[in-house]
Amino acid sequence: MASDSTVERLRDRPGYYSQDDLPLDSYQVVAPDGSYDADAVPELDGEGLTDLYRWMVLERTFDERMVKLQRRGEVGTYGSGRGQEASIVGSGYALGDDDWLLGMGREAAAMFLQGLPLRDLILFWRGVPDAGKLLAQHDLMIAISIGSHLPLVSGVAWGMELSESDAVAAAYFGDGASSTGAVHEGINFASALDLPAVFFCQNNQYAISTSFEKQTGARTLAQRAIGYGIEGIRVDGNDVLAVYDAMQAARRLASEGKPVLVESVTYRRDAHTTSDDPTRYREEEEVAEWEERDPLDRYEAFLRSEGLWDDVDADAIEEEVNEEFDAALDAADDYPEDEVETVFEDLYAELPPYLARQLDEFRTFLDEHPEAYDHIERRPKG
Ligand SMILES: Cc1ncc(C[n+]2csc(CCOP(=O)(O)OP(=O)(O)O)c2C)c(N)n1
């Protein structure tokens with residue numbers, strides 16, 4: 001049996017890899033107290049800098065309004081990005097028009113930045129089957145089966161490489177998804193083939209009720225990049241400028257055939273989805289602690305220091321994004337309702353006999369019980 005001294009002897013020898021050697025630091029531009037190193041500020045003009053603020057307000061407003069809609073029974077469920085605004089917007093802002101974003105649902109504003117109309121995301125969360133097709137028109141996708149999209153992202157990136165495109169494929173996923181086999185396969189594939197792929201992991205500290213500490217023995221997710229043989233960046237996900245900078249760098253490296261894993265360290269302040277009760281698995285003190293690190297407050301402090309806050313009319317922005325949401329909701333309400341047959345469509349060109357039989361049975365049931373389908377009424381907007 002090897003003794004402790006064997007371990008000691010090996011520890012300092014070449015070939016021994018220790019967790020203790022890995023850094024835990026994150027890349028940061030603006031500290032939680034609003035202070036920053038002026039040399040580290042990414043190259044964005046005043047308009048770009050204030051634009052980032054507006055997008056974060058849009059993310060926050062969309063989240064708030066969607067949660068309210070769910071409470072009124074107008075949306076089935078919703079996964080809010082509250083607390084993650086800097087992570088979502090900073091990363092989305094760095095992507096180009098030709099890039100592809102394949103996500104998991106908690107990155108609304110990044111999808112809007114890619115051109116997705118707000119209406120279509122409302123339709124998605126309403127469970128309107130067409131929403132999947134609408135998202136696909138923008139090269140977007142939401143992988144409900146967590147992590148399942150990473151091999152697909154590498155496939156898209158491979159296609160980009162073969163067609164000599166300058167674009168990159170970006171995967172958005174969570175710390176929970178990082179434990180799935182598909183994530184390993186996707187990243188390894190991109191590494192082996194030097195593909196233009198960026199793997200953007202929002203480590204928001206929880207996968208529903210499973211905390212990051214219970215998720216993995218790894219102290220960071222960024223460190224896994226080394227194992228895959230790709231570049232890794234660990235970034236403060238509540239610092240929009242740092243995330244933007246990190247994603248810009250990741251995009252650049254990926255477009256040169258160097259895939260990157262970005263771990264954006266942030267916190268989900270709302271429930272996992274509207275069906276979850278987070279008070280059952282986390283302490284109020286912890287939530288309060290992260291509230292102190294609010295991404296919008298921090299960025300406001302930065303804009304004030306830069307003398308740019310005077311150009312920001314916060315009330316007008318709030319009114320504007322709420323109006324944008326109202327218009328999107330009206331458009332979603334006007335979207336033609338699906339026929340009940342829709343659930344049987346799209347999987348097969350021709351319905352197999354067992355599904356054709358079920359469809360017949362379903363039609364007969366609805367003829368006999370019209371109340372089963374007609375009880376849903378549109379409620380007033382809120
Ligand atoms: C393959 C698979 N397993 C389980 C689930 C159920 N599920 C939905 S979301 C979720 C947690 C996701 O956590 P994370 O990846 O950290 O993303 P977050 O929701 O925190 O943004 C789980 C386990 C699922 N959707 N897919």
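In the predicted model, an oxygen atom of the ligand lies 3.3 Å from an N or O atom in the side chain of His272. The protein covers 69% of the 580 Å² of accessible area that the ligand has on its own. Two further polar contacts involve the backbone of the protein. A polar backbone atom of Ile144 is 2.7 Å from a nitrogen atom of the ligand, and an oxygen atom of the ligand is 2.8 Å from a backbone N or O atom of Ala177. Both Ile144 and Ala177 are listed with the closest residues of the shell, together with Arg106, Gly176 and Tyr206. The shell around the ligand consists of 14 residues. Sorted by class, seven of these residues are nonpolar, five are polar and two are charged.

The largest nonpolar core holds 74 residues, of which Phe62, Leu121, Leu241 and Tyr299 touch the most other members. Helix H2, which spans residues 46-71, supplies the largest share of this core, with 11 residues. Apart from this core lies another one of 24 residues, including Leu102, Ala167, Cys201 and Leu221. When residues up to four places away in sequence are left out, the contacts of Phe62 are Tyr78, Ala108, Phe112, Leu118, Leu121, Ile122 and Phe325.

Lys68 counts as partly exposed because its relative accessibility is 47%, a value between the limits of 20% and 50%. Lys68 and Tyr78 are 10 residues apart along the chain, and their C-alpha atoms are separated by 9.8 Å.

Leu152 belongs to helix H7, residues 150-162. With a relative accessible area of 42%, Leu152 is partly exposed. Not counting residues up to four places away in sequence, Leu152 touches Leu102 and Met141. Leu102 and Leu152 are 50 residues apart along the chain, with a C-alpha separation of 8.6 Å. Leu102 is itself among the members of the core of 24 residues.

Two residues were noted for their backbone geometry. Most residues other than glycine have a negative phi. Asp194, in contrast, has a positive phi, near 55 degrees, and is not a glycine. Asp194 is found in the loop that runs between helix H8 (181-193) and strand S4 (197-203), and with a relative accessibility of 45% it counts as partly exposed. Gln205 likewise has a positive phi, about 75 degrees, without being a glycine. The loop between S4 and strand S5 (206-207) contains Gln205. Gln205 counts as buried because its relative accessibility is 14%, which falls under the limit of 20%.

Two other loop positions are exposed. Asp25 lies in the loop between helix H1 (4-11) and H2, and its relative accessible area of 63% makes it exposed. Asp25 and Glu263 are 238 residues apart in sequence, and the distance between their C-alpha atoms is 11 Å. Leu347 is placed in the loop between helix H14 (314-334) and helix H15 (353-368). Leu347 counts as exposed because its relative accessibility is 68%, a value over the limit of 50%. Leu347 and Leu195 are 152 residues apart along the chain, and a distance of 31 Å separates their C-alpha atoms.

Note on methods. Residues numbered from 1 in each chain as written. Predicted model: local features only at pLDDT ≥ 70, side-chain atom pairs only at ≥ 80, totals over all residues. Heavy atoms only, no water. Core = buried A, V, L, I, M, F, W, Y, C linked by side-chain atoms within 4.5 Å. Buried < 20%, exposed > 50% of the residue type's maximum accessible area, 1.4 Å probe, protein only. Helix = DSSP H or I, 4+ residues; strand = E, 2+ residues; numbered from the N terminus. Contact = heavy atoms within 4.5 Å. Near = heavy atom within 4 Å. Polar contact = N/O pair within 3.5 Å; in protein donor to acceptor, adjacent residues only side chain to side chain. Areas by Shrake-Rupley, 256 points an atom, 1.4 Å probe, with all protein chains shown as cover. Nonpolar A, V, L, I, M, F, W, Y, C, P; charged D, E, K, R; others polar.
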